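Hello,

Here is the structure I promised to pass on to you.

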Amino acid sequence: MSEPFKRATDRLIGTVSLADLAEELGVSHGLLRQARLSSSASSYRSPPAGWERAVAKLARERGGALIKLADEMEAKA
């Protein structure tokens with residue numbers, strides 16, 4: 001596989017992980033895992049304060065990275 005192809009496709013299929021969100025919020029990965037459970041589950045925990053802002057920030061960063069990748073690929077096409 002060509003190295004530029006691998007790097008480009010790695011960037012394309014990369015995702016924001018629960019660990020990334022936990023780091024952004026300053027909480028544990030486990031707390032977020034529990035907050036994603038059904039509220040009727042015995043181990044459910046409420047989402048941390050500020051989660052909406054953190055999700056928006058990470059989504060904008062991811063979106064920006066994908067737009068940059070698209071621009072780079074179009075410039076080479």
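Let me start with alanine 54, which touches Leu21, Glu24 and Leu25 once residues up to four places away in sequence are set aside. Before I go further, please keep in mind that this is a predicted model.

Helix 2 covers residues 18-25 and helix 4 covers residues 51-76; the two pack at an angle of about 120°, and their axes are 10 Å apart. On the helix 2 side you will find Asp20, Leu21, Glu24 and Leu25, and they meet Trp51, Ala54, Val55, Lys57 and Leu58 of helix 4. Sorted by class, the contact between helix 2 and helix 4 holds 6 nonpolar and 3 charged residues, with no polar ones.

Alanine 54 also turns up in the largest nonpolar core, which has 6 residues: Leu21, Ala22, Leu25, Leu32, Ala54 and Leu58. Helix 2 and helix 4 are the elements that give two or more residues to this core. Of the contributors, helix 2 gives the most, with 3 residues. As background, nonpolar side chains tend to be buried together in soluble globular proteins.

Helix 1 (residues 3-13) and helix 4 have axes that come within 10 Å and cross at roughly 150°. The two are therefore roughly antiparallel to each other, and their crossing is left-handed. Helix 1 brings Ala8, Arg11, Leu12 and Ile13 to this contact, while helix 4 brings Arg62, Ala65, Leu66, Lys68, Leu69, Glu72 and Met73. By class, that contact has 7 nonpolar and 4 charged residues, and again no polar ones.

Aspartate 20 sits in helix 2. With a relative accessible area of 33%, aspartate 20 is partly exposed. If neighbours within four places in sequence are left aside, aspartate 20 is in contact with Thr15 and Leu58. Methionine 73 is 53 residues away from aspartate 20 in sequence, and their C-alpha atoms are 26 Å apart in space.

Threonine 15 belongs to the loop between helix 1 and helix 2. Is threonine 15 buried or exposed? Its relative accessibility is 63%, so threonine 15 counts as exposed. Not counting residues up to four places away in sequence, threonine 15 touches Asp20 and Arg62. Along the chain, threonine 15 and alanine 59 are 44 residues apart, and 10.0 Å separates their C-alpha atoms.

Finally, arginine 36 lies in the loop between helix 3 (29-35) and helix 4. Arginine 36 counts as exposed because its relative accessibility is 66%, and the cut-off is over 50%. Between arginine 36 and serine 46 there are 8.6 Å from C-alpha to C-alpha, with the two residues 10 apart in sequence.

That is what I have for now. Enjoy looking around!

Best wishes

Technical notes: Residues are numbered from 1 along each chain as its sequence is written. This is a predicted model: local features need pLDDT of at least 70, side-chain atom pairs count only at pLDDT 80 or more; totals for chains, interfaces and linings use all residues. Side-chain values use heavy atoms; hydrogens and water are left out. Axes are lines fitted to C-alpha atoms, for helices over the stretch in contact, and angles run from 0 to 180 degrees between N-to-C directions. Helices (H or I, at least four residues) and strands (E, at least two) are DSSP runs, numbered from the N terminus. Contact means heavy atoms within 4.5 Å. Ala, Val, Leu, Ile, Met, Phe, Trp, Tyr, Cys and Pro count as nonpolar, Asp, Glu, Lys and Arg as charged, and the others, Gly among them, as polar. A nonpolar core is a set of buried Ala, Val, Leu, Ile, Met, Phe, Trp, Tyr and Cys residues joined through side-chain atoms within 4.5 Å. Buried means under 20% relative accessible area, exposed over 50%, partly exposed in between (1.4 Å probe, protein chains only). Angles under 35 degrees count as roughly parallel, over 145 as roughly antiparallel, 65 to 115 as roughly perpendicular and the rest as oblique. A crossing is left-handed if the near helix is turned anticlockwise from the far one by less than a right angle, and right-handed if clockwise.
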